[in-house]
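The paragraphs below walk through one structure for a reader who has not seen it before. Please keep the sequence and the 3D view at hand while reading.

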Amino acid sequence: MRVVKTKWFARFARKEDISDKNLSDAVREAEKGLIDGELGGGLIKKRVARAGEGKGGGYRTLIIYCAVIRAVFVYGFT
């Protein structure tokens with residue numbers, strides 16, 4: 001599976017200090033069917049843990065997800 005970030009999301013992740021490992025973990029969980037919301041058309045919402053906190057106090061991300069092929073992180077918010 002190929003995991004990529006949009007330019008906007010890459011800046012957001014760098015500013016919020018979200019590691020690539022956290023993003024990869026989120027994609028692995030999505031592959032297992034553990035998602036927070038399916039918005040249709042391959043767009044899913046997934047929580048990513050903040051450093052030192054759990055997922056509840058972390059970030060929400062929107063991912064364009066196509067099983068086995070690719071996951072594109074497009075938007076994130078606190």
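Glu31 touches Met1 and Tyr65, not counting residues up to four places away in sequence, where contact means heavy atoms within 4.5 Å. Glu31 is part of helix α2. With a relative accessibility of 43%, Glu31 counts as partly exposed; buried means under 20% relative accessible area, exposed over 50%, and partly exposed in between, with a 1.4 Å probe and protein chains only. Between the C-alpha atoms of Glu31 and Ile64, which are 33 residues apart along the chain, there are 13 Å.

Some notes on the source come next. This is a predicted model, in which local features need pLDDT of at least 70 and side-chain atom pairs count only at pLDDT 80 or more, while totals for chains, interfaces and linings use all residues. Residues are numbered from 1 along each chain as its sequence is written, and side-chain values use heavy atoms, with hydrogens and water left out.

Now the chain as a whole. Two helices and five strands make up the elements of the protein chain, and their order from the N terminus is β-α-α-β-β-β-β. Helices (H or I, at least four residues) and strands (E, at least two) are DSSP runs, numbered from the N terminus. The C-alpha trace spans about 30 × 25 × 20 Å along its principal axes. For 78 residues, a compact globule would have a radius of gyration near 12 Å, and the 11 Å of the protein chain agrees with that. That radius is taken over C-alpha atoms, and the globule rule is 2.2 Å times the number of residues to the power 0.38.

Of the 78 residues in the protein chain, 29% are buried. Among contacts with a separation of 6 or more, 39% are between residues 24 or more positions apart. The protein chain exposes about 4900 Å², and carbon and sulfur atoms supply 52% of this area; accessible areas come from the Shrake-Rupley method with a 1.4 Å probe, and for residues only the protein chains shown count as cover. The side chains include 16 positive and 9 negative ones, and the centres of the two sets lie 4 Å apart. Lys and Arg count as positive and Asp and Glu as negative, while His and the chain ends are not counted. The place of a charge is taken as NZ of Lys, CZ of Arg, CG of Asp or CD of Glu.

Next come the aromatic rings. A search of the whole structure finds six aromatic pairs. Rings of Phe, Tyr and Trp (its six-membered ring) pair if their centres lie within 6.5 Å; planes under 30 degrees apart count as stacked, over 60 as edge-to-face and the rest as tilted. Phe12 and Tyr59 form an edge-to-face pair, with 5.9 Å centre to centre and 90° between the planes. This pair links distant parts of the chain, since Phe12 is in helix α1 (residues 7-16) and Tyr59 in strand β4 (residues 59-66), 47 residues apart. Phe12 and Tyr59 are both buried. Tyr75 and Phe77 form a tilted pair, at 5.8 Å centre to centre and 40° between the planes. Tyr75 counts as partly exposed at 39% relative accessibility, and Phe77 counts as partly exposed at 32%. One aromatic cluster is formed by Trp8, Phe9, Phe12, Tyr59, Phe73, Tyr75 and Phe77.

Strand β3 (residues 43-48) holds Leu43, and Ile44 lies in strand β3 too. Is Ile44 buried or exposed? At 4% relative accessibility, Ile44 counts as buried, while Leu43, at 25%, counts as partly exposed. Leaving aside neighbours within four places in sequence, Leu43 is in contact with Gly37, Glu38, Leu62, Ile63, Ile64 and Val74. On the same terms, the contacts of Ile44 are Ala30, Ile35, Gly37, Glu38, Thr61, Leu62, Ile63 and Tyr65.

Two loop residues remain. Most residues other than glycine have a negative phi. Asp17, in the loop between α1 and α2 (20-31), has a positive phi near 60°. Asp17 is exposed, with a relative accessible area of 63%. Val68, in the loop between β4 and β5 (70-77), has a positive phi near 70°. Val68 is exposed as well, with a relative accessible area of 70%.
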